[in-house]
Amino acid sequence: MILVTGGAGYIGSHTVVNLLNNNNDVVVFDNLENGHIETINTLKTIGHIEFEKGDLRNIEDIERVFSKYKIDVVIHFAAFALVEESVKNPAKYYRNNTFGTLNLLDTMLKHDCKKIVFSSTCATYGDLNYIPVDEKHPQNPISPYGSSKYMVERIMQDYDKAYGMKSIILRYFNVAGSDEFGRIGEWHEPETHLIPNILKSIFDKDKKFKIFGNDYNTPDGTCIRDYVNVEDLAEAHKLAIDYLNKENKSNIFNVGTENGNSVKEVFDICSEVTNKDIPVEIASRRSGDMEALYANANKIKTVLGWHPQRTLKDSISSAYKWEQNHF
Ligand SMILES: NC(=O)c1ccc[n+]([C@@H]2O[C@H](COP(=O)([O-])OP(=O)(O)OC[C@H]3O[C@@H](n4cnc5c(N)ncnc54)[C@H](O)[C@@H]3O)[C@@H](O)[C@H]2O)c1
């Protein structure tokens, strides 16, 4: 059985759909602090899942799940993920993302479960020496959020050396899109991500979309990021589990498309897909925003055989379907 922590959230729920499509037995563990019971109910219409409400910060909650089910492998999404909030309240991030993960790992060891796939982030790299970023790039996270994830990466490497726990660390770039049928999608409150915010501004006139800075040293002056489709990302987790089962080895992979797209390009594709003239305002730069960030994803392509199947336009189309269905 596969345990999915944070499976009521955005990326976790899309990965659960992939696991169900591949005939896996799945138990979702989530405290529903940022995930949604509606998402769990939708997942239950797609396939059979067990849902256990609980919090990683309470080790008894995790113990309860491991005592009830025979867990073979864990996919660990549950975390807080707002960079700005982490700067204002680092305790919240270290306690949940780092300490909560320690509770999980120690309970896994107790029950002899030694395989885990972990949601890390390109935010662990910090300021960049070069792009595209590969896995060997030095890691100097600049936010408590990035540090809380980086610490877990280090803990996992030590747990492998000392206890033989095997981990696949996936460093995601910017995740985008939704389920192709619009059944589940990106549902963050507050929403800080670019594509849903552009799309939400269509439905809510109070949410006028702002481009933060158009004077960067990029071809159109706006920041460049790497947008990986959420269903493609879900597939990376499936391949990571196959690798763990076959090779029984730890490894680390970037998950990105290797394409950099500017904010302006994303905005233009949103206008094209929705066929709407979306109002936009140019605002000043936000502190801490990097000019350009995109992945070298050669390693995941060669070792796991993962290849992104969906374009940025596909991601925006599915995200729009979700926003139309949902809001
Ligand atoms: N969305 C992105 O672009 C992105 C990029 C890089 C990395 N990540 C990482 O991917 C993971 C998933 O991100 P997401 O966008 O799906 O976030 P999300 O907030 O939608 O999902 C996280 C889920 O974890 C649950 N959760 C949080 N703390 C918990 C706890 N202590 N106990 C039990 N459940 C808890 C939340 O209720 C939520 O359902 C996170 O670890 C995040 O850091 C996301």
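## How α7 meets α11

Let's start with a crossing: α7 and α11 pass each other in a right-handed way. (A crossing is right-handed if the near helix is turned clockwise from the far one by less than a right angle, and left-handed if anticlockwise.) The axes of α7 and helix α11 (residues 312–326) come within 10 Å and cross at roughly 45°. Axes here are lines fitted to C-alpha atoms, for helices over the stretch in contact, and angles run from 0 to 180 degrees between N-to-C directions. That makes α7 oblique to α11; angles under 35 degrees count as roughly parallel, over 145 as roughly antiparallel, 65 to 115 as roughly perpendicular and the rest as oblique. Helices (H or I, at least four residues) and strands (E, at least two) are DSSP runs, numbered from the N terminus.

On the α7 side you'll find Ile195, Pro196, Leu199, Lys200 and Phe203, and they meet Ile316, Ala319, Tyr320 and Glu323 in α11. Residues are in contact if their C-beta atoms, placed from the backbone, lie within 7 Å. Sorted by class, the contact of α7 with α11 comes to 7 nonpolar, no polar and 2 charged residues. For these classes, Ala, Val, Leu, Ile, Met, Phe, Trp, Tyr, Cys and Pro count as nonpolar, Asp, Glu, Lys and Arg as charged, and the others, Gly among them, as polar.

## What you're looking at

This is a predicted model, where local features need pLDDT of at least 70, side-chain atom pairs count only at pLDDT 80 or more, and totals for chains, interfaces and linings use all residues. Residues are numbered from 1 along each chain as its sequence is written.

## α7 again, this time with α9

Helix α7 (residues 194–203) also packs against helix α9 (residues 263–274), at an angle of about 45° and with their axes 10 Å apart. α7 and α9 are therefore oblique to each other, and α7 passes α9 in a right-handed crossing. From α7 come Leu194, Ile195, Ile198, Leu199 and Ile202, while α9 brings Val263, Val266, Phe267, Cys270 and Thr274. The contact of α7 with α9 has 9 nonpolar residues, 1 polar and no charged ones.

## The sheet

Now for the strands. Seven of them form an open sheet in the order β3-β2-β1-β4-β5-β6-β11, with parallel pairing. (Two strands pair if DSSP finds at least two bridges between them.) β3 (49–53) and β11 (251–255) stand at the edges with a single partner strand each, so one side of each is left without a neighbour in the sheet. On average, and with direction ignored, neighbouring strands of this sheet are turned by 20° against each other.

Ile2 stands opposite Val26 in β2. Helix α6 (residues 144–163) packs on the sheet, where α6 touches β5 (115–121) and β6 (166–172), and the direction of α6 makes about 155° with that of β5.

## α1 and α2 side by side

Here's another helix pair. The axes of helix α1 (residues 10–21) and helix α2 (residues 37–46) come within 10 Å and cross at roughly 10°. That makes α1 roughly parallel to α2, and their crossing is right-handed. Ser13, Val16, Val17 and Leu20 of α1 make the contact with Thr39, Leu43 and Ile46 of α2. By class, the contact of α1 with α2 has 5 nonpolar, 2 polar and no charged residues.

## Two domains

The protein is divided into domain 1 (2–175 + 228–255) and domain 2 (194–225 + 258–326); such bounds come from an automatic or database domain assignment. The C-alpha centres of domain 1 and domain 2 lie 24 Å apart, and 23 residues of domain 1 are in contact with 21 residues of domain 2.

On the domain 1 side, β10 (227–229), α8 (230–247) and β11 are the elements that give two or more residues to the side touching domain 2. α8 gives the most, with 7 residues. That side of domain 1 has 14 nonpolar, 4 polar and 5 charged residues.

A few loops deserve a look. A cis peptide bond joins Ile131 and Pro132, with omega about -10°, and Pro132 lies in the loop between β5 and α6. The peptide bond from Glu189 to Pro190 is cis too, with omega near 0°; Pro190 lies in the loop between β7 (174–176) and α7.

Asn248 lies in the loop between α8 and β11. Phi of Asn248 is near 50°, a positive value in a residue other than glycine.

Conventions
Two residues are in contact if their C-beta atoms, placed from the backbone, lie within 7 Å.
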